[in-house]
Amino acid sequence: MPSPQTDWWRSAVIYQIYPRSFADSNGDGMGDLPGITARLGDLRELGVDAVWLSPFYPSPQHDAGYDVADYRAVDPRFGDLGDADKMLAEARALGLKVIVDLVPNHTSHDHAWFREALAAGPDSPERERYIFRDGRGPDGSEPPNGWQSVFGGPAWERVDDGQWYLHLFDVSQPDLNWDSPEVRAEFVSVLRFWLDRGVAGFRVDVAHGLIKNADFADWHYAGEILGGLAPEGAPPPPMWDQDGVHEIYREWRAVLDEYEGGRILVAEAWVQPADRLARYVRPDEMHQAFNFEYLDTPWSADPLRKVIDTTTAANAAVGAPTTWVLSNHDVVRHATRLGYPVGEPRKHGIGIGDPQPDVALGLRRARAATLQMLALPGSAYLYQGEELGLPEATEIPDSYRQDPAWERSGHAERGRDGCRVPLPWEADAPSYGFGPADASWLPQPAVWAEYALDRQRGVTGSTYELYRAALRLRAAHGLGAGTLSWVDTPADVLAFRNGGLLVLTNFGDAPAELPLNARVQLASEPLTADGRVPQDVTVWARV
Ligand code: NOJ
C-alpha cells in the first residue's frame, strides 16, 4: 500500500555527497565522514530530503573509491564504522535519509576474493567469482576477445599463470562473475549489513553491466566513458543491459521490502532508449533510474520537450516516477557544460589549452536549467556544489589528475577530476573552509572564494538562495508529486503547468511574454523592466 512514509522517494530531492571533496575534519586534504556529519545541518537548511554518498569503503582509491576492497567497512581516510553510525544518527535526527553507494560490477584488485583468485590458479572455485579466461592464439597471448575498457585500452589483463581477467573499467577493478551463486549471496548479505545500520537505500553502480552475454562475442568498439552505449552502426554491446540483470534486482527488491521506511534502489544505468531504461524500475525491481538522457540533451526547447515527454511516458508505463539529474561526479558540471555553444558537448573533461567555457553564460543557463528540472514531476538529484553555482575546474594542471581515464586513454581524455574539486564553504578560510588546513587533494581555483557558501548565504539573488527558494516552493506546491501539462508557446520557449505554477523557460533572444495574470514566484534572473522573460531564464509564476 503506497504511503508518504514508504513513497518518499517518488518526489524527493536527493543531494549527492562526494565524500573526498565535501568537508575535511582533520586537515589531511581529503574529506571524511566526521566532516560530513558536521555539515548535515547545512543540507537541512538547503532543504533537501536525502543524501547519497559516493563510496567511503576501504579502497586503494585507483578509481576514487569505486574500487572497493571491503564492502562492510570504512576506509581509514574517511573514518571508521563508528563515524558512519554517528553520521547516520545525525542524519536521522535532522530528518535526512542516507543512501549509500553499492559497487557490484567489480571489486578492487585488493579485495580478499581477488587475491585468493590469483593465488588459487585456473579452474579453482576462487577464480569462479571473477571472469577469468584463457587467451587466444597458439600460446594464449592474445586477450580472449577485443572488448575495450570504458577508461580506454583493452578490457582484459593477463596474470602470471597466463590466464586473463576481465575489467570493464580500470585494471584494478576486476569484474565479478554474477553467474556465481556465491557472488549473489555475498551482495545480499552486504545489502543487509547496511540496511541493518539504517541506510535508506543504495545507488547501484554500473547497474546495466553485471551480466555479460554468455557467448563473450567479440565487440571491439570503444563506448563513451560510462556511456555503455554502442556507437552508431555497432551491434548491440554484449556487456551492457543484458536481460539477466533484472533477476538480480528482483531478488534485491524483495530484500529491501522486508525493511520498513521505504528503502530504495537507484540505478546508475547508461541505457537507452527510455523504455529499455524503464525496465530497471518495474514495480518489482528498482525504484529509480537516473535520467541521463535528459542530462545529455542540448540546451534547446524542442529536444528538451521531447526528452521530458519520452522519458516521463516510459516511466509512467511501468508506474515509476522520473529521476532528474543535471550533474554528478562523472560529468562536466552543468554550469560549465552549458557555457559552450549548444550542441558542442564536452564529454571527456576540460583542461589547460582546451577551449574554455563562457562562465557567465554557463551559470545563467545552469540556473535556468535547474529551475526547470526542479519543477518537473518526479525525483531530482543535486550534485554537491551546484547549489553554489560551482563551475568545473577547467584548468587543473595535468600533473594533478587522478582519474584513471586520463592515463588509460593515453591522455586523450582529461577525465572527471574537474567536477571533483573540494567545496568552498568560507571565502577567507584555509582551503576555503573545506578543512582546517590549506590541504586539498585537488587544487582549488582562486575564484572558489567568490562561490563560497558564506558569500552567498542570505544574499538575495545568489545561486544558493535561488536553490533554497526553489526547494521551499517545490515542496509547498507539491511539484515533485504533480502532473505536467504543456502550454502552447512560440518556438524557443518551453512552458508547462504543474502544481498551480506556470514554469516557463526562454531559449530565444527575444524576451518572452508571461500571461497578464501571472504572479512571478521565482526567476532564475531578473525579468526585463516591462516584466518579460529574457533569454536563458526560467520563471515560476502563479497563474
Ligand atoms: C560509475 C561511477 O559513477 C564512476 O565514478 C566509476 O568510475 C564507474 N562507475 C566504475 O565504478
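Let's start at the ligand: one of its oxygen atoms has a polar side-chain atom of His329 2.8 Å away. Keep in mind as you look around that this is a predicted model.

In total, 14 residues surround the ligand, and the closest are Asp63, Arg203, Asp205, His329 and Asp330. Asp63 puts an N or O atom of its side chain 2.6 Å from an oxygen atom of the ligand.

You'll find Ala64 in the loop that runs between strand S2 (50–53) and helix H2.

Helix H1 covers residues 33–46 and helix H2 covers residues 81–94; their axes come within 9 Å and cross at roughly 10°. Angles under 35 degrees count as roughly parallel, so H1 and H2 are roughly parallel to each other. On the H1 side, the residues that meet H2 are Leu33, Pro34, Ile36, Thr37, Leu40, Gly41 and Arg44. H2 answers with Asp83, Ala84, Lys86, Met87, Glu90, Ala91 and Leu94. Sort the residues of this H1–H2 contact by class and you get eight nonpolar, two polar and four charged.

Next, have a look at H5 (residues 181–197) and H6 (residues 245–257). The axes of these helices come within 11 Å and cross at roughly 30°, and H5 passes H6 in a right-handed crossing. From H5, the contact uses Arg184, Phe187, Val188, Leu191, Arg192 and Leu195. From H6, it uses Glu247, Ile248, Glu251, Trp252, Val255 and Leu256. What classes do these residues fall into?

Gln272 and Pro273 are joined by a cis peptide bond, with omega at about -5°. Pro273 sits in the loop between strand S8 (264–267) and helix H7 (274–278).

The crossing of H11 and H15 is right-handed. H11 makes the contact through Leu363, Arg367, Thr370, Leu371, Met373 and Leu374, while H15 brings Thr463, Leu466, Tyr467, Ala470, Leu471 and Arg474. By class, the H11–H15 contact has eight nonpolar, two polar and two charged residues.

Note on methods:
Residues are numbered from 1 along each chain as its sequence is written. This is a predicted model: local features need pLDDT of at least 70, side-chain atom pairs count only at pLDDT 80 or more; totals for chains, interfaces and linings use all residues. Side-chain values use heavy atoms; hydrogens and water are left out. A crossing is left-handed if the near helix is turned anticlockwise from the far one by less than a right angle, and right-handed if clockwise. Helices (H or I, at least four residues) and strands (E, at least two) are DSSP runs, numbered from the N terminus. Contact means heavy atoms within 4.5 Å. Ala, Val, Leu, Ile, Met, Phe, Trp, Tyr, Cys and Pro count as nonpolar, Asp, Glu, Lys and Arg as charged, and the others, Gly among them, as polar. A residue is near a molecule or strand if one of its heavy atoms lies within 4 Å of it. A polar contact is a pair of N or O atoms within 3.5 Å; within protein, one must be able to donate a hydrogen and the other to accept it, and residues adjacent in sequence count only if both atoms are side-chain atoms. Axes are lines fitted to C-alpha atoms, for helices over the stretch in contact, and angles run from 0 to 180 degrees between N-to-C directions. Angles under 35 degrees count as roughly parallel, over 145 as roughly antiparallel, 65 to 115 as roughly perpendicular and the rest as oblique.
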